[in-house]
Structure formats: structure tokens, C-alpha cells
Amino acid sequence: MRFLLLLALLALSAWAQEPAAPPPDLSPEVFAIARELRCPVCQGESAAESNSGVAVEMRRIIAEMLEEGKSKEEIKAFFVERYGEWILYAPPRRGVTLWVWVLPVLGLALLGLGLFAYFRPKKPLPPELLEEAERRLKEPPT
Amino acid sequence: MRGWLWILVVLALGGLFYWGMQRNPKELPSVLAKERRPAPEFTLPVLPPYRGEWGETFRLSDHLGQKPVVLNFWASWCYPACYEEAPVLEEAWRRYRDRALFLGVNTQDKEAEALRFGEQFGLTFPQVFDPRGRVGVDYGMYGVPETFFIDREGRVVARHAGAIDAATLEKYLKEVLP
């Protein structure tokens, strides 16, 4: 019973850890899209997290475009049109930036191959060599 | 054979690393300037001291196709970069005013502070007011100050990010002036 209570408490606290609700004036959908766009004046922050003027304006534009009935892809294209693909937080999976996605997998595969080669079971020694060794072990030391 | 392969791999990785270190992360491409796109259109209110000469609102398309345009985004809170370049721009404007149009776009600022900035540097070229910074997004602006050079056909030829100095301004002006 106590265990169940503890579990319930844990679940409750995990639920309370949900990301803070966005300010009521902008819908969560705005933040979901903004999270995929880079804040132009920040270092490693998305347009959803930053409070810089540009990021605030970007969220406002996203909200306006959503109201106009634009889709997520259309909104992202709007920013790519102006800033280039740099504005996308995840580099597109084609062209030069495809390498960003492929290289880690390739690296892991190479590492796996290397490890396999290193730890591969060695070829058993030829039987006559083993026999010879055993014979010598049995021989009394001279 | 295998030894050579390893040397090749190490050399390739080293080369990639070296190339990455040579790149300037602050050097951001301008889609507009790279593709020489037509300057995005906007209509913005003119700051009060400039209304007598330029009217209540400024529509960019009314001024394109005649003279090249130097479009400067600034804000009074952008210290020191905007404070460094303001006298440079004013000086160039006085020299080139009959051959090129200079336009200041005050971005994400308060009007009173923008007016104080204009007064402090005695800016005589037209200044428009964009408190939201919407036009900056259309120009793919990263942050103030940024200066765009628009040629006589209304195409963006170059973008300079950061405070502009007299020599750089001169160089870009030569590119857009007939």
C-alpha cells in the first residue's frame, strides 16, 4: 500500500515537472514552431526560449500566421526565405547538411568495427604446437 | 596498407578540423544580398523631426528605382556599435545626398529615446520608426546595427553587419552608385 502511495506521489511530481505553460497570450502551438527556429541574435537558443526583441517578434509573426490559417511548414518556409536554412534548428536531411546526420552513425559503425576486430576471438593455435607445448610441460626440468 | 589508411583518416579529420577553425562563426550569410533579391517593401511612420521633409509615412517603393538606397537598421540601446557608426553615416549622407538616399530604420526602440539619439548625432537623413522590428525580419536581420545597400534597380547588393566604418561604407557605395 505504502509502495503504491509512493508511486502515485512520484508520478504526481513527474507530472508537475511538465514544462511551464507559455504565457496565455500565445498558444502552445506558437512555441512548438518557435522551438524549431533559431533566435538570430542568440547563441544556441531557439526563438521559443529567448526574450530578445527579434525572438519576441518572431513568435508574434508565427501567432499571426497561424491565425491566418498558415501551416507549420509554410511558417518555417517564411523564415527560411528570409534567413536561409541557417534559421532551422535541425539542419535539413539533404545536401551538405545530410552529413551532420550521417557522420555520427558512420563513426559509430567504424568504432564498432574496430572494437570487433580488436576483441575478435583469435584463431586457435595449430594442434601440433599445442602438443609440443604440453609435452614440454610434462618433461622434468633439466 | 592499413597503416596508410589510418594516416589518411587522421589527415582527413585534421583537415576538417583546420577548415572548421578557419571559419568565422560571426560571418552570417544574407539571403537577400547573395541572390540579389529585390528589396522587401515596407511602409513605416517617419519620426516627427523628419516629417516636414519626408511626410508622415515612408514607403520604400516610392523611392526605389531612382537612386541607390543605403538602409541602416539601428536602435538607441545598441551601444556602442550604433553610436560609433552614426557620425560616419551622417557624414557620408551629407556628401552623397544628391546621388544616394540614406534611410535609418529605428528598430525595437522607444520613440523618445530614438529622438534623443537622432538629436545627439544631428542626423539629417530620414528616419523611420519600427518598434516591433517587423521589417528587420523581412530583411533577414540578425541584430542592430546592420546596413543594406540597394542598387538603382531596387535589388539588395550587399549587407554589412555591425558598425560600419567610412572605408567600408565608401566601398559598398561605389558598388551601388552608377
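Q: Where does B:Gly104 lie?
A: B:Gly104 is in strand S4 of chain B, residues 101-107. Strands here are DSSP runs of E with at least two residues, helices are runs of H or I with at least four, and both are numbered from the N terminus. Bear in mind that this is a predicted model, where local features need pLDDT of at least 70, side-chain atom pairs count only at pLDDT 80 or more, and totals for chains, interfaces and linings use all residues. Residues are numbered from 1 along each chain as its sequence is written, while chains are lettered from A and ligands numbered from 1 in the order in which they are written.

Q: Is B:Gly104 buried or exposed?
A: B:Gly104 counts as buried because it has 28 C-beta neighbours inside 10 Å. The cut-offs: buried takes 20 or more other C-beta atoms within 10 Å of a residue's own, exposed takes 12 or fewer, partly exposed is in between, and C-beta atoms are placed from the backbone.

Q: Which residues does B:Gly104 touch, leaving out those up to four places away in sequence?
A: B:Asn72, B:Trp74, B:Leu123, B:Phe125 and B:Gln127. Contact means C-beta atoms, placed from the backbone, within 7 Å. B:Gln127 is 23 residues away along the chain, with 4.5 Å between the two C-alpha atoms.

Q: OK, the sheet. What's the strand order?
A: S5-S4-S3-S6-S7 in chain B, an open sheet of five strands with mixed pairing. Two strands pair if DSSP finds at least two bridges between them. S5 (127-130) and S7 (156-161) of chain B are the edge strands, each pairing on one side only.

Q: How many bridges link S4(B) and S5(B)?
A: Four, in the parallel sense. B:Val105 stands opposite B:Val128 in S5(B).

Q: Zooming out, how many helices and strands does chain B have?
A: Seven helices and seven strands. The radius of gyration of chain B, taken over C-alpha atoms, is 20 Å, well over the 16 Å from the globule rule for 178 residues, so chain B is more spread out than a compact globule. That rule is 2.2 Å times the number of residues to the power 0.38.

Q: And what box do the C-alpha atoms of chain B fill?
A: Roughly 80 × 35 × 30 Å along the principal axes.

Q: Last topic: how many residues of chain B are in contact with chain A?
A: 13 residues of chain B, against eleven residues of chain A. Helix H6 of chain B (residues 134-138) gives the largest share of chain B's side, four residues.

Notes
Contact = placed C-beta atoms within 7 Å.
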